[in-house]
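Dear colleague,

Please find the structure below, handed over for your own work. My notes on selected regions follow it.

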Amino acid sequence: MSSREEVYTRHGGKGGDRGKILTEMMNAEGKAEVLDDILVLDVSCANFAGIICASFLAEFGAEVIKIEPPEGDAARQITPFGVTVQGVGIPFMFEGRNKRYMTLDIKNSDEDRKTFAALAKKAAVVIESFAPGEMDGWGIGYRQLSQVNPGLIYIALSAYGQYTDKAREAARAPDTDITSQAGSGLPAQMGAPAEDREPFSWPLRGGMWVGWYISGLSAALGGTVALLHRQNTGEGQMVDVAGMDAYSSMVGMPATIGFTWEKARPRIGVLDFILYPYGHWKCKDGFVAIAAPRDHDFRALLKILGLWEQEDDWRYSSDRIPDILEQALHLHRIIEEKTLQFTADELVRMALNYSRKSARSKWRGGGVPIVMKLMTPEEAMTNKQWHIRKAFQEVEDEKLGKYTISANFVKMSESPPRVKWVASEIGKDNDYIRKKYLSD
Amino acid sequence: MEDYFSYTAKLFNLDDASQKPEALKGIRVMDFSHVIFGPVAARLLADYGAEVIKLELPFYGDLWRPATYWGKYWKHSNPIWHNITKNKYFLSVNLALRQSKELIYKMAETSDVVIENFAPGTADAWQIGYEKISKINPNIIFLSCSTYGQFGPMRYFPGWDLLAQGASGVLTLNGYPDTDVFYKLPDYVGDFVPGNFAALAVLMALYYRKKTGKGQYIDMAQTEGLMRTLFHYTYYSITGEAIGRTGNTDPTMMPASIFKAADGKYLALACATAGQFKKFASAIGRQELASDPRFADTIERLKPENAKTLTEIVTEWVKSKPGVEIVRLADEAGFPAAEVADDFTIANDEWRRKRGSVVLFKDDVYGNLVIAGPSAQLSGTPSRTKWLARPLGYHNRVVLKKFLGLSENEIKDLEKKKVIGTFDDRPGLKPPVYYNLDEDPIYNYGKEVSS
């Protein structure tokens with residue numbers, strides 16, 4: 001263990017093996033891969049939920065074959081402002097992890113459909129995003145493939161799912177991130193209050209692929225539950241993910257609140273429905289995020305900012321929740337007047353010093369007001385924490401050169417996920433795949 | 001051949017779901033976690049059949065129990081808490097006491113998974129961390145959830161969903177360019193998404209354990225979970241520029257924005273591919289757009305100057321028609337469009353109920369409540385709801401008698417010493433006032449009940 005590793009893994013108390021366990025988790029190389037005996041076919045098209053789901057399985061060691069038509073998956077051109085590297089879009093490069101690339105024209109060629117069926121016979125997982133029923137119509141849907149391969153897990157992604165009358169009526173509706181966000185209830189909760197001027201008062205889109213990442217993650221989670229069942233019983237099954245479910249099924253609040261309150265929540269801008277202070281404020285040199293929602297956290301924040309005279313008016317969390325918007329915004333401005341007098345670093349240091357003292361005090365319950373500097377993704381990349389944790393990885397594509405990705409989402413002591421290579425060349429592994437899986 | 005949708009209707013028939021096998025049956029989980037991030041990971045395992053025992057401090061309980069939107073309770077419970085912690089066994093023990101630890105150590109012998117989200121190092125300091133538990137049960141899968149991870153210079157920093165959004169860069173991506181207002185993603189997405197990542201990691205560890213017999217330690221940092229979903233880092237490393245905020249327009253497709261229709265309804269409309277754009281152009285009677293050199297090619301269409309022109313054209317068109325008609329047109333033609341759904345429509349849409357993505361659940365204690373269904377429907381081993389959240393300490397007797405073999409006298413002794421306990425008279429912790437716990441056979445498990 002280097003001295004540096006010791007510093008960053010050390011914890012209070014008597015020591016023991018914890019530091020050693022954590023130090024070993026800093027690297028994934030040489031460790032076992034969970035899914036090293038699993039073949040996954042990703043035949044999704046123009047749908048990143050499928051590509052993302054396939055990435056997660058690939059990071060855990062599965063052999064993932066991305067199957068696309070000879071001209072390439074249209075997802076290659078789904079990219080911010082049209083920026084590509086040699087025709088490959090940024091999100092496609094970002095998700096091009098540990099994958100093999102094969103060309104098959106499933107949409108048009110009977111011959112290629114047969115090849116796909118032959119591969120699916122050996123696969124554990126198939127991922128597809130054609131219109132519901134389309135693969136079935138071609139004779140290579142779950143119904144047909146599972147007869148030859150009863151252990152097959154068939155993950156289908158669409159806008160409205162694979163069953164119900166609605167799914168039948170809207171079968172032709174493609175799934176995209178923004179329609180998934182809208183249809184599953186996220187923008188309804190984001191944006192300025194109705195009194196604000198347009199378009200700020202409109203429902204606001206989440207500025208990242210919330211819909212597609214939730215669908216992809218849900219597909220991988222459902223698929224892995226199915227893999228466990230397959231491991232125990234040998235049985236496969238179908239996993240149906242609908243983009244219109246994504247947000248509401250993930251967080252659960254829209255359905256329950258719509259029922260118990262019998263109406264929809266309004267948009268309340270930068271405020272939160274449950275916690276206050278819980279948001280961001282302007283400071284001298286930028287913005288800080290502040291979370292001090294519990295009563296003792298809030299009192300601590302008042303002390304730090306020199307606002308103790310406010311304590312009487314806002315003593316309980318029920319005084320601070322924004323069901324009377326004007327009242328909450330009033331407090332918001334009182335806090336802002338103070339945060340504007342300090343820089344982000346000063347505010348962070350003030351909160352840390354307070355928390356440290358309160359944790360050491362024999363008078364417990366001093367509160368933990370959390371203040372941090374608001375970071376853009378670009379600033380986050382320079383944070384030492386992520387450097388130590390190897391959260392970002394510089395990768396090199398044979399054709400496209402070097403670039404940076406945020407790598408693994410979790411650290412595991414025995415079988416961690418990892419990015420072994422990135423690639424995105426169309427048909428790059430045609431020969432390898434035919435030799436390995438189709439030569440008999 | 002049978003019609004596809006008749007076939008799938010049988011395959012996914014909701015009426016059969018409760019008879020189908022459970023993928024995680026026989027897996028026992030000790031859930032020390034609180035608030036949302038950890039509890040959601042544990043709940044996902046419970047939804048697929050694992051036996052999850054949630055531990056809470058007597059008379060206080062989980063911090064999130066009383067935390068409801070705008071302080072609105074439902075039958076003296078927090079309505080959104082039901083979705084976060086359903087299907088669990090609620091055991092209330094004081095982790096600080098020696099005797100509680102003995103109970104935990106005994107339970108650890110037969111557990112498969114432990115989940116905690118205290119500040120890093122706390123569980124170990126209390127002698128209930130991985131180091132201690134793995135000595136009792138070497139095959140244990142131990143999940144530690146935190147905001148910044150178990151190691152690294154920021155490991156001691158406390159956090160909430162907001163801080164993970166702030167530290168990953170997510171928060172600064174929401175809003176309009178050239179303004180000084182950012183919006184956080186609502187409803188604690190920064191807890192739910194990492195909670196799902198954490199559950200995925202546990203499932204992978206279970207799969208690995210079945211193959212090799214080995215347990216492991218899992219370090220899930222919620223900020224890293226959010227960071228995994230941003231290709232913005234890659235964009236920056238290649239172009240040297242930031243994507244930044246783009247308001248209501250998704251810069252990766254064109255058109256792709258939220259628009260306002262003639263009837264004041266808001267809707268999202270997008271074309272991800274050249275094919276979809278062609279269908280859109282003919283659906284609005286502007287076929288010439290699909291052959292216009294500025295718009296025909298996807299990459300050309302995405303270039304900021306062309307995107308601006310096209311967004312203006314689409315904005316004008318959407319303004320001319322009611323929302324419902326646009327979505328119907330889109331579904332027929334095959335380009336993506338969806339009205340912005342709010343809480344009320346999601347709770348009441350008929351198709352969501354039929355699909356099972358929104359469920360009217362009848363609970364023994366609370367009666368009818370609408371809750372969200374799973375975000376992935378499985379035909380063979382579906383996720384299901386068996387019961388909602390319960391008052392604090394509701395399952396004390398079931399867990400201690402049935403799972404640990406304690407006698408009524410031993411339990412009474414633990415109660416007297418305040419090792420275990422139940423609820424205080426506060427909403428979120430206590431049962432509905434009309435509900436008579438004395439007659440509840442589960443709460444009084446192993447005792448005579450006068451019903």
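**Leu97(B) and its surroundings**

Leu97(B) counts as partly exposed because it has 15 C-beta neighbours inside 10 Å, whereas a buried residue would need 20 or more. Please bear in mind that this is a predicted model. Leu97(B) is placed in the loop of chain B that lies between β3 (88-92) and α4 (98-109). Between Leu97(B) and Asp112(B) the separation is 15 residues in sequence, and their C-alpha atoms are 23 Å apart in space.

**A sheet in chain B and its helices**

Chain B contains an open sheet of 3 strands in the order β7-β8-β9, with antiparallel pairing. Its edge strands are β7 (256-260) and β9 (337-339), each of which pairs on one side only. From one strand to the next, the twist averages 20°.

Strand β8(B), residues 266-270, is joined to β9(B) by 3 bridges, and the two run antiparallel. Within these strands, Ala268(B) stands opposite Ala338(B) of β9(B). Helix α15(B), residues 323-333, packs on the sheet and touches β8 and β9 of chain B. The direction of α15(B) makes about 150° with that of β9(B). Helix α14(B), residues 304-319, lies across β7 and β8 of chain B and runs at about 35° to β7(B).

**Strand β6 of chain A**

In a regular strand, side chains alternate between the two faces of the sheet. For strand β6(A), residues 125-128, both faces are covered. Val125(A) and Ile127(A) are buried on one side, and Val126(A) and Glu128(A) are buried on the other.

Strand β6(A) pairs with β1(A), residues 39-42, in the parallel sense over 3 bridges; here Val40(A) stands opposite Val125(A). Strand β6(A) is also joined by 4 bridges to β7(A), residues 153-158, and these two run parallel. In that pairing, Val125(A) stands opposite Ile153(A).

**Helix α7 of chain B**

Which elements do the buried residues of α7(B) pack against? In chain A they are β9 (278-283), β10 (286-291), β11 (370-373) and α17 (377-380), and in chain B they are α8 (189-212) and α9 (222-227). Helix α7(B), residues 161-168, is mostly covered, with 8 of its 8 residues buried. Among them are Leu162(B), Leu163(B), Ala164(B) and Ala167(B), as well as Asp161(B) and Gln165(B). Just after α7(B), Gly169(B) takes a positive phi of about 105°.

With kind regards

Methods
Residues numbered from 1 in each chain as written. Chains lettered and ligands numbered in written order. Predicted model: local features only at pLDDT ≥ 70, side-chain atom pairs only at ≥ 80, totals over all residues. Buried ≥ 20, exposed ≤ 12 C-beta atoms within 10 Å, placed from the backbone. Pairing = 2+ DSSP bridges. Axes fitted to C-alpha atoms, helices over the stretch in contact; angles between N-to-C directions. Contact = placed C-beta atoms within 7 Å.
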